[in-house]
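This report describes one protein chain for a reader who has its sequence and 3D structure at hand. Please look at the structure before reading on.

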Amino acid sequence: GGGQAPASDFIFPNSSTELLSSGDLNSHLSSAYDAQMAINEIYARYGYTFVTNSETANASRSKFGSKDWYIQAQSTCPTANRDNFAESYMNSVERANIETLLAWKDSH
């Protein structure tokens, strides 16, 4: 979703098109915080609005809020309802990667 974003804006630039391996996670993540940020960047590609006051939501707002691709994506963002956002708008790779990241996060 959204405009073309530079790879440097992401922990996992290909997390919308390629399944993440445990090796990918172990080499790029050092904490549950990092795992949540990797999840948030998948949402950010769709222009998802981070509305909570969690540390990662605040970090995501400051990280993506000024990016042109994110601002463009926000104009077409389908919904801010996180509960069914992934099921409704994300592809199977993104959903699988979120599950993988959640599992990694839970074990760290």
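Which residues are exposed on the other side of α3? They are Glu55 and Ser62. The sections below set this answer in its context.

## Basis of the report

This is a predicted model, in which local features need pLDDT of at least 70 and side-chain atom pairs count only at pLDDT 80 or more, while totals for chains, interfaces and linings use all residues. Residues are numbered from 1 along each chain as its sequence is written, and side-chain values use heavy atoms, with hydrogens and water left out.

## Overall fold

The protein chain contains six helices and zero strands; helices (H or I, at least four residues) and strands (E, at least two) are DSSP runs, numbered from the N terminus. Along the sequence the pattern is α-α-α-α-α-α. The protein chain is as compact as a globular protein of its length, because its radius of gyration is 13 Å, close to the 13 Å that the globule rule gives for 108 residues. The radius is taken over C-alpha atoms, and the rule is 2.2 Å times the number of residues to the power 0.38. The C-alpha trace spans about 35 × 25 × 25 Å along its principal axes.

Of the 108 residues in the protein chain, 39% are buried. Buried means under 20% relative accessible area, exposed means over 50%, and partly exposed lies in between (1.4 Å probe, protein chains only). A contact means heavy atoms within 4.5 Å. Among contacts between residues at least 6 apart in sequence, 68% join residues at least 24 apart.

## Charges

The side chains of the protein chain include 7 positive and 12 negative ones, and the centres of the two sets lie 4 Å apart. Lys and Arg count as positive and Asp and Glu as negative, with His and the chain ends not counted. Each charge is placed at NZ of Lys, CZ of Arg, CG of Asp or CD of Glu.

Helix α3 covers residues 55-64, and its residues Thr56, Ala57, Ala59, Ser60 and Phe64 are buried. These residues lie on the same side of α3, because they cover an arc of only 160° around the axis. The arc is that of the directions from the helix axis to the C-beta atoms. An α-helix has 3.6 residues a turn, so residues three or four places apart point the same way. The buried residues of α3 pack against α2 (32-44) and α4 (68-76).

In α4, the buried residues are Trp69, Tyr70 and Ala73. Their arc around the axis is only 95°, which puts them on the same side of α4. Asp68 and Ser75 are exposed on the other side of α4. The cover over the buried residues of α4 includes α2 and α3.

## Three single residues

Where is Asn97 found? Asn97 is in helix α6, residues 92-106. Asn97 counts as buried, at 0% relative accessibility. Apart from its neighbours within four places in sequence, Asn97 is in contact with Ser15, Glu18, Leu19, Leu20 and Ile42. Ser15 is 82 residues from Asn97 along the chain, yet their C-alpha atoms are separated by 6.8 Å.

Tyr48 sits in the loop between α2 and α3. Tyr48 is buried, with a relative accessible area of 3%. Asn14, by contrast, counts as partly exposed at 40% relative accessibility, and its place is in the segment before α1 (22-28). Asn14 and Ile42 are 28 residues apart in sequence and 9.6 Å apart in space, C-alpha to C-alpha.
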